[in-house]
Amino acid sequence: MLFSREYVCYLAREVTKKFIAAEMIETSQLAAVTERVHAAMVEELGLEDRINDEVRAILEQYSDEMRQSGASYQEMFKKVKNELVRKYKAVL
């Protein structure tokens with residue numbers, strides 16, 4: 001993940017406070033709302049990590065073919081990652 005877990009917790013608290021201050025949400029359970037915001041942020045920020053793991057798994061399957069053809073791992077990583085980003089309609 002791009003950010004530390006502590007920073008994501010801080011961001012979730014601040015986002016929740018700003019939503020309440022702007023009267024975008026109303027709640028009597030601040031901790032529960034903050035936890036849900038935190039979970040959503042962790043899920044979204046972990047997307048790139050999951051995509052990278054999937055790319056590695058795909059490239060591992062084709063490692064012999066890549067070695068025989070002399071393909072660059074870095075180039076193939078970028079290409080496969082771009083395809084998966086388009087497939088998942090992710091914004092990285």
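1. Not counting residues up to four places away in sequence, threonine 16 touches Ile25, Leu30, Val33, Thr34 and Val37. The model in which these contacts occur is a predicted one. Threonine 16 belongs to helix α1, and its relative accessible area of 0% makes it buried. A polar atom of the threonine 16 side chain lies 2.8 Å from the backbone oxygen of alanine 12.

2. Threonine 34, one of the residues touched by threonine 16, is located in helix α2. Because its relative accessibility is 14%, below the 20% limit, threonine 34 counts as buried. The side chain of threonine 34 reaches a backbone oxygen at 2.8 Å, that of leucine 30. With neighbours within four places in sequence left aside, the contacts of threonine 34 are Ala12, Arg13 and Thr16.

3. How are the two helices that carry these threonines arranged? Helix α1 spans residues 5–21 and helix α2 residues 30–45; they pack at an angle of about 125 degrees, and their axes are 8 Å apart. The crossing in which α1 passes α2 is right-handed.

4. Which residues form the contact between α1 and α2? From α1 come Arg5, Val8, Cys9, Leu11, Ala12, Arg13, Val15, Thr16 and Ile20. They meet Leu30, Val33, Thr34, Val37, His38, Met41, Val42 and Leu45 of α2. By class, the residues of this contact comprise twelve nonpolar, three polar and two charged.

5. Backbone geometry deserves a separate remark. Most residues other than glycine have a negative phi. Glutamate 23, although not a glycine, has a positive phi of about 55 degrees. Glutamate 23 is placed in the loop between α1 and α2. Its relative accessibility of 71% is over the 50% limit, so glutamate 23 counts as exposed.

6. Lysine 89 likewise is not a glycine and has a positive phi of about 55 degrees. Its location is the segment after α5 (73–88). Is lysine 89 buried or exposed? At 74% relative accessibility, lysine 89 counts as exposed.

Terms used
Residues are numbered from 1 along each chain as its sequence is written. This is a predicted model: local features need pLDDT of at least 70, side-chain atom pairs count only at pLDDT 80 or more; totals for chains, interfaces and linings use all residues. Side-chain values use heavy atoms; hydrogens and water are left out. Axes are lines fitted to C-alpha atoms, for helices over the stretch in contact, and angles run from 0 to 180 degrees between N-to-C directions. Helices (H or I, at least four residues) and strands (E, at least two) are DSSP runs, numbered from the N terminus. A crossing is left-handed if the near helix is turned anticlockwise from the far one by less than a right angle, and right-handed if clockwise. Contact means heavy atoms within 4.5 Å. Ala, Val, Leu, Ile, Met, Phe, Trp, Tyr, Cys and Pro count as nonpolar, Asp, Glu, Lys and Arg as charged, and the others, Gly among them, as polar. Buried means under 20% relative accessible area, exposed over 50%, partly exposed in between (1.4 Å probe, protein chains only). A polar contact is a pair of N or O atoms within 3.5 Å; within protein, one must be able to donate a hydrogen and the other to accept it, and residues adjacent in sequence count only if both atoms are side-chain atoms.
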